[in-house]
Amino acid sequence: MSEESGSLLRVDVVRKEYYRPGNAGALRWRKNERLVAVDDVSISLARGETLSVVGESGSGKTTLGRMILGLTDVTSGTIEFDGLDITRRLPQQRRQLTREIQVVFQDPYASIDPRQRIEDVIREPLDIHRIGTRKQRRERVLEVMHQVALPERMSRFFPHQLSGGLRQRVSIATALVLRPKLIVADEPVSALDVSVQAQILELFAELRRTTSVSILFISHDLGVVREVSDRVAVMRHGRIVETGSVNQVFDQPTHGYTSALLSAIPPADPRLPFQPISYSD
Amino acid sequence: MNDLLAVQNLSVSYAGALSPSIADVSFNLEAGEIIGVVGESGSGKTTLGLALLGLLPWNASFKGSVQFDGTEILGASERQLRPLRGTQLSTIVQNPATALNPSFSIGSQIVALLRRHLNLTKTEARSLAIDWLDRVGISEPKKRMNSYSHQLSGGMNQRVVIAMALALSPRLVIADEPTSALDVTVQAAVLGLITELIEGSGSSMVLVTHDLGVIAQMCSRVIVMKDGRVLEVGEVDQIFHAPRNPYTKHLLDSQPSHTSQSKPISKSRHSEADVATSRLSEEYGHE
């Protein structure tokens, strides 16, 4: 892993183990099985960079994101954010970190409070952190709404009045409102229709180009990450099998699993051959 | 007429809905053909699949006709449909976890299906079931007969569902998003399996999906749907390379590409579905 001094986030041999009841029966706890969800993963993320973590179900990509967000405990290893060890965060650290690390979840139907108006949803982080006057908060809300292309008139709407794509814009606006240094986006487009998905990807690509926020973009779909990322990490069974620049990973994958993953996406063109490569280790 | 399936002016409305779920849909399907139905959520593609199976819910009203090999499906009674189901007309659903009964082993479910339709003894049905599990690529099929669906992965469950859909060599299979719940590598394997089995048995298939890649690779013809209407029907090559309808073109443009970076995110990608946003760009000059 590169030892960039300018890196915002450094995840160093981080591991997450879960214990689950063994096959012997749910009551025989002593026979528990150990499950390594994230197996000594190291990644770093530079300021303003978008790193995509791609993997199939069970690869540990979501657990990795949750550990960075502080939503899941780390079994071993260290997470450094902005020069600070945040592996086991203290309560006072936690509060500060929520200003600097934000999240966008997969399902905008589940992640937004249905009883709040859009402006209240987006403003809530400012209220919680007591940032600015009422007027300044309102201005900031309109500013981020503009940034994510949400019309101002929608500020008084309720979430149910918005389509999935617009709701996901609200989630992104809420994540941006505190000017965080890092956004962890876990499958932010997989619940959306393809044409809406294209628009949200476009928004992520724009955030990458025009802002200094770093983004950890978690996805099961290699197909969608090309346009939004600087670098890509491919995960499988809790390990990172390959990391590299977008072009390198897509055009000259070095790991057999990456090639298999790429070849498994059916090309949306009947003239292109579809020859999935199988991979087993 | 040698069309296996003839759909004419089919319209379906659900009680209480403002607009029909599907309106004035017509198409034909020849024997041995795989036709794709593509559309985004709310396009009516799933309702179309249900109508073809005679499985529309009670609160749906319909017009038009769906003829399967000369038999009218629409409005037919259960009694009339029963001889067709399984042996003639069958379905692969999206979520295998809900299609299989959690209280019975997968083996007993396949055996029950085979014995219901074919005149087999228990032993014969069992060995045929094992044979099918083997054909759909399930390792140690004998052992798996006693497994329950929660003990199998999504991909394995979907293979069981496919085995059950194809075990009676139906002449027409309606597959509604058969691989959407699967990981991409598993999807690739399952698609290969479906093609092999469908082609091997000479069955026809209506493949409903939102995934243009799956359509491009699996189908010979495509029906493009939006808001319950058929916008375009054509050969797969024509649809993908010379789409006549602007929406088809928009859909193709929205497809993220991983094969080349030469396709920049174009500003022309305004969605008709997301009117508010496109209106915004005019109001604010903000993209």
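In strand S8 of chain A, Ile218(A) is the bridge partner of Asp186(A). This pairing belongs to a predicted model.

S8(A) spans residues 214-219 and is mostly covered. Six of its six residues are buried. Side chains in a regular strand alternate between the two faces of the sheet. In S8(A), Ser214(A), Leu216(A) and Ile218(A) point one way. Ile215(A), Phe217(A) and Ser219(A) point the other way. Residues on both sides of the strand are buried.

The two chains meet at an interface. In chain A, 38 residues are in contact with 37 residues of chain B. Five helices of chain A give two or more residues each to this side: H5 (164-176), H6 (194-210), H7 (222-225), H8 (246-251) and H9 (256-263). H6(A) gives the most, with eight residues. By class, the side of chain A that touches chain B has 22 nonpolar, nine polar and seven charged residues.

Chain B has 12 helices and 10 strands. Of its 287 residues, 45% count as buried. Among contacts in chain B between residues at least 6 apart in sequence, 64% join residues at least 24 apart.

One sheet of chain B is open and has six strands, in the order S6-S7-S8-S3-S9-S10. Its pairing is mixed. The edges are formed by strand S6 (89-92) and strand S10 (229-235) of chain B, each of which pairs on one side only. Neighbouring strands are turned by 15° against each other on average, direction ignored. Helix H7 (residues 154-166) of chain B packs on this sheet and touches S6 and S7 of chain B. The direction of H7(B) makes about 175° with that of S6(B). Within the sheet, strand S7 (residues 172-176) of chain B runs parallel to S8(B), and five bridges join them. Val173(B) has Met205(B) as its bridge partner in S8(B).

Thr209(B) lies in strand S8 (residues 204-209) of chain B. Thr209(B) counts as buried because 22 other C-beta atoms lie within 10 Å, and the cut-off is 20 or more. The surroundings of Thr209(B) come from several parts of the chain. Neighbours within four places in sequence aside, Thr209(B) is in contact with Gly36(B), Val38(B), Glu177(B), Ser180(B), Val214(B) and Ile215(B). Glu40(B) is 169 residues away from Thr209(B) along the chain, yet their C-alpha atoms are separated by 8.6 Å.

A second open sheet of chain B has four strands, in the order S2-S1-S4-S5, with antiparallel pairing. Strand S2 (22-30) and strand S5 (71-72) of chain B are its edge strands, and each pairs on one side only. Strand S1 (residues 3-14) of chain B runs antiparallel to S2(B). Six bridges join these two strands. One of the pairs sets Leu10(B) against its bridge partner in S2(B), Val25(B).

Helices of chain B also pack against one another. Helix H4 (residues 106-117) and helix H5 (residues 122-135) of chain B pack at an angle of about 120°. Their axes are 9 Å apart, and the crossing of H4(B) and H5(B) is right-handed. H4(B) contributes Gly107(B), Ile110(B), Val111(B), Leu114(B) and Arg115(B) to the contact. From H5(B) come Ala125(B), Arg126(B), Leu128(B), Ala129(B) and Trp132(B). By class, the contact of H4(B) with H5(B) has seven nonpolar, one polar and two charged residues.

Notes: Residues are numbered from 1 along each chain as its sequence is written. Chains are lettered from A and ligands numbered from 1 in the order in which they are written. This is a predicted model: local features need pLDDT of at least 70, side-chain atom pairs count only at pLDDT 80 or more; totals for chains, interfaces and linings use all residues. Two residues are in contact if their C-beta atoms, placed from the backbone, lie within 7 Å. Ala, Val, Leu, Ile, Met, Phe, Trp, Tyr, Cys and Pro count as nonpolar, Asp, Glu, Lys and Arg as charged, and the others, Gly among them, as polar. A residue is buried if 20 or more other C-beta atoms lie within 10 Å of its own, exposed if 12 or fewer, and partly exposed in between; C-beta atoms are placed from the backbone. Two strands pair if DSSP finds at least two bridges between them. Axes are lines fitted to C-alpha atoms, for helices over the stretch in contact, and angles run from 0 to 180 degrees between N-to-C directions. A crossing is left-handed if the near helix is turned anticlockwise from the far one by less than a right angle, and right-handed if clockwise.
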